[in-house]
There are 2 protein chains.
Amino acid sequence: MELNCPLPFEDDERITMAHGGGGRRMEQLIREVILPHFPTGGLKNDHDGVVINGLTGELAFTTDSYVVTPQFFPGGNIGDLAVNGTINDLAMCGARPAYLSCAFILEEGFAMESFRQILVTMGKAAAAAGVNLVTGDTKVVDSGKGDGIFINTAGIGQLLPGARIGPERVAAGDAVIINGTVADHGMTIMAEREHLNFESGRMESDTRPLHREVAAIIDEFGAQIHCLRDMTRGGLASVLNEIAQSANVQVTLEDSKVPVNDPVQGACELLGLDPLYVANEGKFAIFAPEELGTEIVKLLKAVSPENTPAVVGKVAAGEPPRVECINEFGSRRILDLLSGDQLPRIC
Amino acid sequence: MELNCPLPFEDDERITMAHGGGGRRMEQLIREVILPHFPTGGLKNDHDGVVINGLTGELAFTTDSYVVTPQFFPGGNIGDLAVNGTINDLAMCGARPAYLSCAFILEEGFAMESFRQILVTMGKAAAAAGVNLVTGDTKVVDSGKGDGIFINTAGIGQLLPGARIGPERVAAGDAVIINGTVADHGMTIMAEREHLNFESGRMESDTRPLHREVAAIIDEFGAQIHCLRDMTRGGLASVLNEIAQSANVQVTLEDSKVPVNDPVQGACELLGLDPLYVANEGKFAIFAPEELGTEIVKLLKAVSPENTPAVVGKVAAGEPPRVECINEFGSRRILDLLSGDQLPRIC
């Protein structure tokens, strides 16, 4: 019989303060755990910045921190949310996403296995979208001074030829088009957080990149696309309010035309939440002349057949700027900006 | 006698979850509290990204999150640290810093007045360095799930003409030059955190931007400057170790030539810390052919007369890669990478 040594103490099972200290443990974390998931271009290990090439003229630049809780949910986790979310912010500028940075704030004690899962997802999301995660940063904070993991991604994109996106370009006569069902992400997070099960069926976050849809419509319609806006925190209603304010216009939304998945609709009714205010992570609104509405819907459907794009509203002149919602019976209500949010920390 | 109404409850004294909710309170926080401090270019309020212009060819891209505790310390706060730190990461790529993004993760209950002070400092630091804070993000996490404020800044810079910076370019015959005293930042943070007072005098963080020194030496010496590295987490010793590994060389450091301020030296001795491993936030190491050493020191002194630049070491061929330190009596010791860090959360 052979005597085996006991297994060495596996102190790498959890994040420790040393993983953020700038020494050997951090170097090891970056080299062994983080970098393998970013093969293309690669997070640079040996430098605090990276030199990028091939971009010219007008560039888009954006940043977002992700603090969603829980970090894992049906349809995704904080990792693909962080990659897709910043891709989408670039796309909403009318840009082709090119490079992302990625900065982690890890809480001491966070499970290494969870971190690995998040990294795998980020690598896949970046590869699927054809963007390069090129530079990063890792910090560790004491137990009780964070919440497992926060991720910041900043992004640089190249403006698409012909793109002229801006809320001030939205004008009377524009249609409001959205690329699919609303409230999936927010309701999924809420159900997950509160451990709610709805008989109406399974919900799933809609986190996904939107740059292909954007490229298709800009390629086809160029500067006729006046504005693009992803419907994250605050949902469709907040986007319409922001645009109404920025462009000094009045927007009318037809409630019955806004697609909502059945389980999401059921959950909203049960909880008394308005799906128009609930966050999405793979849905956006397009503002373009009314006569293009049908064609844009057709194009969006062609790029993403699983979606249900629709013309849901229109823009008119008039003071003061406001958003009105008409239901199927013709009754009207004002959709105002919320004071806070229905659901905190959904992204 | 006039009857006065009681003062209205000032609920804006502290950060609330609603400030991160995407609704009216968040819009107000961004418009009234954040934007006034970023006058040039301005953090864009009405869009999640910004279009930037005028950059071509090779760009530098970097990101860093700042989690320093305490947030306020002699010589600065987390705000100028976040601006200067990312400026310095760009400068270390051989780039002129141009645009910064800025993302806040605020803890519910964080004092609005502290946030304002940090914003004032960030605005001043950006203006002083001639960079534009152009896009941002604000998230709020529940009380007990953060630590007051974390800041991420990502940056884009334009590579300076003639710059060819890379650790792999460091070669036998290079000198190691640093631009001034070491360990000021780390020891200041430690003293502040532990409420230590040293009789040896007042210490102060050295947080400041380094791009002017970098521009001056690249302008003068171009590609003869082989590598630049700011000496943050892990200090000078860690930088030298990283370079030795990347370039596969041996580095010899002359201990007595490394300038250390008296109070810092005193504090280090009292606490048994090695200043070579303590973090800096306004100091960097330059690797360039030995014959340029004196000229580089002279130029650094001309740009920043308050500093005490010095040639402190040299690079030689040899295996394995390592860093050796010679003291004034000629005795030698190996400077290894630390496993973790002497001081956590110093930036």
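Contact here means heavy atoms within 4.5 Å. Helices (H or I, at least four residues) and strands (E, at least two) are DSSP runs, numbered from the N terminus.

This is a predicted model, in which local features need pLDDT of at least 70, side-chain atom pairs count only at pLDDT 80 or more, and totals for chains, interfaces and linings use all residues. Residues are numbered from 1 along each chain as its sequence is written, chains are lettered from A and ligands numbered from 1 in the order in which they are written, and side-chain values use heavy atoms, with hydrogens and water left out.

**Relation of the chains**

Chain A is superposed on chain B by a rotation of 180 degrees with 0.0 Å of shift along its axis, at an RMSD of 0.0 Å. That is therefore the relation of a two-fold axis. Copies are superposed by least squares on the C-alpha atoms of residues with pLDDT of at least 70 in both. G146(A) is the residue of chain A that comes closest to the rotation axis, with its C-alpha at 2.1 Å. The copies meet through the same surface, because 100% of the interface residues of chain A are also interface residues in chain B.

Buried means under 20% relative accessible area, exposed over 50%, and partly exposed in between (1.4 Å probe, protein chains only). L59(B) counts as buried, at 1% relative accessibility. Not counting residues up to four places away in sequence, L59(B) touches V50(A), V51(A), I52(A) and L59(A), together with I156(B), G157(B) and Q158(B). L35(B) is 24 residues from L59(B) along the chain, and their C-alpha atoms are separated by 27 Å.

**Helix α5 of chain A**

Helix α5 of chain A spans residues 211-221, and its buried residues are H211(A), E213(A), V214(A), A216(A), I217(A), I218(A) and F221(A). The elements of chain A that cover these buried residues include α2 (78-92), β5 (95-107), α3 (112-129), β9 (227-230), β11 (284-289) and α8 (293-303). After α5(A) comes G222(A), with a positive phi near 50 degrees.

α5(A) packs with α8(A) at an angle of about 140 degrees, and their axes are 9 Å apart. Axes are lines fitted to C-alpha atoms, for helices over the stretch in contact, and angles run from 0 to 180 degrees between N-to-C directions. Angles under 35 degrees count as roughly parallel, over 145 as roughly antiparallel, 65 to 115 as roughly perpendicular and the rest as oblique. α5(A) and α8(A) are therefore oblique to each other. The crossing of α5(A) past α8(A) is right-handed. A crossing is left-handed if the near helix is turned anticlockwise from the far one by less than a right angle, and right-handed if clockwise.

On the α5(A) side, the contact is made by R212(A), E213(A), A216(A), I217(A), E220(A) and F221(A), and on the α8(A) side by E295(A), I296(A), L299(A), L300(A) and V303(A). These residues divide into seven nonpolar, no polar and four charged. Ala, Val, Leu, Ile, Met, Phe, Trp, Tyr, Cys and Pro count as nonpolar, Asp, Glu, Lys and Arg as charged, and the others, Gly among them, as polar.

**Helices α4 and α7 of chain B**

In chain B, α4 (residues 184-193) and α7 (residues 262-271) pack at an angle of about 60 degrees, with axes 10 Å apart. That makes α4(B) oblique to α7(B). The crossing of α4(B) past α7(B) is left-handed. D184(B), M187(B) and M190(B) of α4(B) make the contact with V264(B), A267(B), C268(B) and L271(B) of α7(B). This contact has six nonpolar residues, no polar and one charged.

**Backbone and loops**

| Peptide bond | Form | Omega |
|---|---|---|
| T69(A) to P70(A) | cis | near 0 degrees |
| T69(B) to P70(B) | cis | near 0 degrees |

P70(A) lies in the loop between β2 (59-66) and β3 (72-73) of chain A.

A183(B) is not a glycine, yet has a positive phi of about 80 degrees. A183(B) sits in the loop between β8 (174-178) and α4 of chain B, and counts as buried at 0% relative accessibility. H195(B), also a residue other than glycine, has a positive phi near 55 degrees. H195(B) is in the loop between α4 and α5 (211-221) of chain B, and counts as exposed at 69% relative accessibility.
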